[in-house]
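Dear colleague,

Please find the structure below, together with an account of what was found in it.

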Amino acid sequence: VTYKPQTTRKRWLGIVTDEDSQVLFLDTPGVHKPLNELGTAMNASVVRALADADVVVVMADPTRALGQEDTMVASAAYKCHKPLLLAINKNDVTTPEDAATHEQFYREQLGDRLKAAFHISAQNPASYQDLLTAMKETLPVGPFLYPEDLLTDSKERDIAAELIRQVILETLYEEVPHSVAVTVENWKENRGGCTISASLHVERKSQKGILIGKGGESIKKIRIGAERLLKDQLQKPVKLSLFVKVTQNWRKKKQL
């Protein structure tokens, strides 16, 4: 999870199972006006997820000013004709006034299709228990679709690539905002931990220099930060090697 907007590029499935329920969360890219084929594919992922969902949770960030993307999100949610719940996130860092402004905006946009609104903090599990309860009460009854101990259907390589990209975005801020793709090339596990090599794809030679940094400072910082996240995720020591490649027009390549 990163604080930067528009960083999710595909649909991610999260699974929450307890004694009497199993809730499947489809986390999609944000709704936005696409500027390239990657953006178009991201919006298509949103459309598919809305069609598959039984309940739609609209997540709002009150620390950001309301804008065009909020209008697009509200419109997409309203038009999907599914039960809607509103989650005003970051309750721990926003002001009551900003939270109220966002809630009012979405209430006006979603109308009577909005079933309830909740003020939550993703950092505080106690704050979103009422939201989870509302989801369970709204979802249809059916069999569990996944084993009770499974948390996601994503492969470890996909998660690793996303964690590395997260560190890149948080390290470089606006310098190479969304022009990097990550592919895991090799993955070897042994008794001492896990050895991973990954390629970082950029579109221009100038971006390669930014990613590496003066004397390799940036790429070293990215590697150390990614190793820490991967170690926490895999619960074992990780040795990570990163290689920066100029892959022109990578956003048009489906495998990336």
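**Findings**

Cys194 is buried, with a relative accessible area of 3% (buried means under 20%, with a 1.4 Å probe and protein chains only). Cys80 also counts as buried, at 15%. A search of the whole structure finds zero disulfides, a disulfide being a pair of cysteine sulfur atoms within 2.5 Å.

This is a predicted model, in which local features need pLDDT of at least 70 and side-chain atom pairs count only at pLDDT 80 or more, whereas totals for chains, interfaces and linings use all residues. Residues are numbered from 1 along each chain as its sequence is written, and side-chain values use heavy atoms, with hydrogens and water left out.

Strands β3, β4 and β5 form an open, parallel sheet in that order. Strands (E, at least two residues) and helices (H or I, at least four) are DSSP runs numbered from the N terminus; two strands pair if DSSP finds at least two bridges between them. The edges are β3 (56-60) and β5 (114-119). Five bridges join β4 (residues 84-88) to β5, and Leu85 stands opposite Ala116.

Strands β6 (residues 181-190) and β7 (residues 193-202) run antiparallel, joined by nine bridges. They form a hairpin with two residues between them, and Ala181 of β6 faces His201 in β7.

Helices α6 (residues 205-212) and α7 (residues 217-234) pack at about 65°, with their axes 4 Å apart. Axes are lines fitted to C-alpha atoms, for helices over the stretch in contact, and angles run from 0 to 180 degrees between N-to-C directions. Ile210 of α6 and Ile222 of α7 are among the contact residues (heavy atoms within 4.5 Å).

Yours sincerely

Methods. Buried < 20%, exposed > 50% of the residue type's maximum accessible area, 1.4 Å probe, protein only.
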